[in-house]
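Let's take a walk through a protein model together, one piece at a time. Keep the picture open as you read and find each residue when it comes up.

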Amino acid sequence: MIRIKKGKNNHKYHKKILKLCKGYYGARSRCFKTANQAFIKSGQYSYRDRKKKKGYFRKIWIRHINAKVREYGISYSKFINKLRKKSININRKILSNIINNNPKIFKKLILIINK
């Protein structure tokens with residue numbers, strides 16, 4: 001029976017991982033074992049943070065809305081509550097875009113809510 005060695009394939013795999021880890025700090029970019037661990041961990045972090053990113057953006061939108069609504073003397077929670085009572089279904093992302101791009105439409109929203 002012929003003995004199969006992994007030399008060529010291992011070398012190719014190691015080079016692939018080290019290429020993916022370029023720019024990492026210290027041994028994480030030079031030594032295969034630590035580079036491989038760093039690569040696996042970075043994949044876990046990126047998966048987790050893709051989920052977290054949605055929450056971060058929501059926080060930013062809420063801050064935008066709160067800042068603009070305070071100019072009209074209403075708190076954010078009261079504003080959202082009044083929107084719901086008037087059955088105006090606009091999500092926070094769209095509200096934030098309206099505030100940044102169409103301030104006239106936002107003023108109309110405020111007028112509708114205060115009636």
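Predicted model: local features only at pLDDT ≥ 70, side-chain atom pairs only at ≥ 80, totals over all residues.

## Starting point: L83

You'll find L83 in helix α3.

What does L83 touch, once its neighbours within four places in sequence are left aside? The list is I88, L95, L109 and I113. Here's another way to see how the chain folds back: L83 and I112 are 29 residues apart along the chain, yet their C-alpha atoms are separated by 9.1 Å.

## The nonpolar core

L83 also belongs to the largest nonpolar core, a group of 14 residues. It is listed among those with the most contacts inside this core, together with I65, V69, F79, I80, L95 and F106.

Now pick out F79 and F106. F79 is buried because its relative accessibility is 0%, and buried means under 20%. F106, at a relative accessible area of 1%, is buried too. Not counting residues up to four places away in sequence, F106 touches K68, V69, Y72, F79, L95, I98 and I99.

There are four aromatic pairs in the model. In one of them, the ring centres of F79 and F106 lie 5.8 Å apart and the ring planes sit at 55°, so this pair is called tilted. The pair ties together distant parts of the chain: F79 is in helix α3 and F106 is in helix α5, 27 residues apart. Why quote both a distance and an angle? Because a pair of aromatic rings is described by the distance of the centres and the angle of the planes.

## How α3 and α5 cross

The axes of α3 and α5 come within 10 Å and cross at roughly 75°. That angle falls in the range from 65 to 115 degrees, so the two helices are roughly perpendicular to each other.

Which residues meet here? From α3 there are F79, K82 and L83, and from α5 there are F106, L109, I110, I113 and N114.

## How α2 and α4 cross

Next, look at α2 and α4. Their axes come within 9 Å and cross at roughly 50°, and therefore the two helices are oblique to each other. On the α2 side, the contact is made by R58, W61, I62, H64, I65 and K68. On the α4 side, the residues are R92, K93, L95, S96, I99 and N100. As for handedness, the crossing of α2 and α4 is left-handed.

Have a closer look at I62, which sits in helix α2. Is I62 buried, exposed or partly exposed? With a relative accessibility of 23%, I62 counts as partly exposed. Leaving out residues up to four places away in sequence, I62 touches Y76 and R92. I62 and I2 are 60 residues apart along the chain, and their C-alpha atoms are separated by 66 Å.

## How α1 and α2 cross

Helix α1 covers residues 7–20, and its axis comes within 9 Å of the α2 axis, with a crossing angle of roughly 60°. That makes α1 oblique to α2. The crossing of α1 and α2 is left-handed.

At this meeting point, Y13, H14, I17, L18 and L20 in α1 meet F32, A35, N36 and F39 in α2. Take N36, in helix α2, as an example. N36 has a relative accessibility of 17%, so N36 counts as buried. Apart from neighbours within four places in sequence, N36 is in contact with Y13 and I17.

Last stop: S87, in the loop between α3 and α4. What is the phi of S87 like? It is positive, at about 55°, although S87 is not a glycine. S87 is also exposed, because its relative accessibility is 55% and the label applies over 50%.

Methods
Residues numbered from 1 in each chain as written. Heavy atoms only, no water. Core = buried A, V, L, I, M, F, W, Y, C linked by side-chain atoms within 4.5 Å. Buried < 20%, exposed > 50% of the residue type's maximum accessible area, 1.4 Å probe, protein only. Contact = heavy atoms within 4.5 Å. Phe/Tyr/Trp six-rings, centres within 6.5 Å; stacked < 30°, edge-to-face > 60°. Helix = DSSP H or I, 4+ residues; strand = E, 2+ residues; numbered from the N terminus. Axes fitted to C-alpha atoms, helices over the stretch in contact; angles between N-to-C directions. Parallel < 35°, antiparallel > 145°, perpendicular 65-115°, else oblique. Left-handed = near helix turned anticlockwise from the far one by under 90°.
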